[in-house]
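Let's take a walk through a structure together, with an eye on its folds and its charged pairs.

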Amino acid sequence: MITEIITGLFTKYALVGAIGIVALIMIISYGLAGTIGQRRMGSAIAIVIALTLAYFAGKYTGKTHGMADIPIFAGMGLLGGSMLRDYAIISTAFGVKIDNLKKAGLPGTVSLLLGVTFSFVVGSIIAVLLGYNNPVDIATIGGGAVTFIVGPVTGSALGASSEVIALSIAAGVVKSVLTMIITPIIAPIIKLNNPTTAMVYGGLIGTTSGVAGGLAATNEKLIPYGAMTATFYTGLGSLLCPSIGFIIVRAIFG
Amino acid sequence: MEIYGLGIVALCMFLGSFLGNALGKLLGISGNVGGVGMAMLFLVLLTNYYEGKGKAFSERTQKGILLLSSLYIPIIVAMAARQNVVAAFEGGVVAFAAGGVATVGSMFLVPLIAKLGSDEENKEEKNN
């Protein structure tokens with residue numbers, strides 16, 4: 001009887017249930033991140049946990065929508081769907097000052113354009129090398145190499161399959177986690193020790209959580225400079241990858 | 001009021017998505033091409049325009065927008081939980097290769113572009 005009531009609640013209040021589950025995932029992830037002294041890795045850990053849960057859910061149901069295919073977790077489909085995702089992403093542009101854009105100046109602008117282009121091209125080339133030949137798939141994986149947001153934004157704009165979208169998220173998560181780990185190691189080699197380099201670094205790498213986490217482990221004073229350019233990166237990627245990026249990919253492989 | 005903030009973002013989303021879908025139709029792709037990016041651009045332009053006029057959004061309006069942006073990571077977590085990870089895992093090499101090479105490659109571009117910045121600063125110093 002008790003399980004029946006609980007199942008009924010999760011089905012009836014699907015979205016609220018999903019919010020509760022995500023809150024639980026987040027508290028565990030940030031707790032884990034705190035114990036290893038890297039609180040900024042919390043979001044990356046949460047995403048990895050979510051991908052892991054989606055993996056087991058997929059194995060269990062044999063279907064394609066991860067946890068959302070289990071009736072009591074169906075709310076995940078709504079909370080993590082493209083409607084709320086795009087709505088929330090757009091809101092993050094609030095607080096961006098045009099003056100800050102200007103302050104980042106020439107190196108910031110060049111690094112942003114080059115950073116998005118470079119990651120997109122590298123991701124696309126690797127997708128092609130590993131046997132993907134549909135322009136939509138190539139552009140989606142290329143977008144994933146930009147960030148774990150740009151991949152799904154590109155993929156859902158172009159109608160990619162959930163499998164390819166999941167790959168693009170995974171590529172973005174690899175980038176984010178790798179950035180946090182190797183930034184402190186590579187910092188002396190690339191002379192990451194002043195505001196200008198930090199802005200260029202933020203613009204080239206662009207994954208906000210990775211950049212903030214990596215700089216926190218390198219030199220905390222550099223965080224705002226790196227984050228300033230990095231915050232434009234996902235927006236620029238969301239603008240360029242599904243449009244110009246896809247058109248170029250389609251022209252080559254279409 | 002908080003709902004005004006949510007409404008402003010909604011307006012930007014619809015404007016951007018309208019243009020994105022129109023662009024998609026023009027290009028013969030069924031989809032929203034760059035609509036999210038354009039919506040972000042509208043939000044930046046709108047807020048900067050009002051701030052420039054000295055009429056920044058009220059604190060409660062801002063709270064509405066900030067509530068949404070604070071939900072961004074949790075929503076991404078939910079999004080990750082509903083992906084077809086089983087299939088992705090089977091072809092997972094591409095994720096590691098694409099993410100890894102893009103990261104390491106980008107890192108080594110840093111000193112090249114940073115040089116551009118210091119050249120610029122040097123020029124300015126000389127001009128001064």
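Predicted model: local features only at pLDDT ≥ 70, side-chain atom pairs only at ≥ 80, totals over all residues.

Residues are numbered from 1 along each chain as its sequence is written, chains are lettered from A and ligands numbered from 1 in the order in which they are written, and side-chain values use heavy atoms, with hydrogens and water left out.

Chain B has 6 helices and 0 strands; helices (H or I, at least four residues) and strands (E, at least two) are DSSP runs, numbered from the N terminus. Of its 128 residues, 48% count as buried, meaning under 20% relative accessible area, with exposed over 50% and partly exposed in between (1.4 Å probe, protein chains only).

Now for the charged pairs. A salt bridge is a side-chain nitrogen of Lys or Arg within 4 Å of a carboxyl oxygen of Asp or Glu, and the count over all chains comes to 2.

In chain B, B:Arg60 and B:Glu2 join their side chains in a salt bridge, 3.1 Å from N to O. This pair links distant parts of the chain, 58 residues apart: B:Arg60 sits in helix H3 (residues 59-70) and B:Glu2 in helix H1 (residues 2-27). B:Arg60 is partly exposed at 43% relative accessibility, and B:Glu2 is partly exposed at 28%.

In chain A, A:Arg85 forms a salt bridge with A:Asp86, with the closest N and O atoms 3.1 Å apart. Here A:Arg85 is buried at 5% relative accessibility, and A:Asp86 is buried at 12%.
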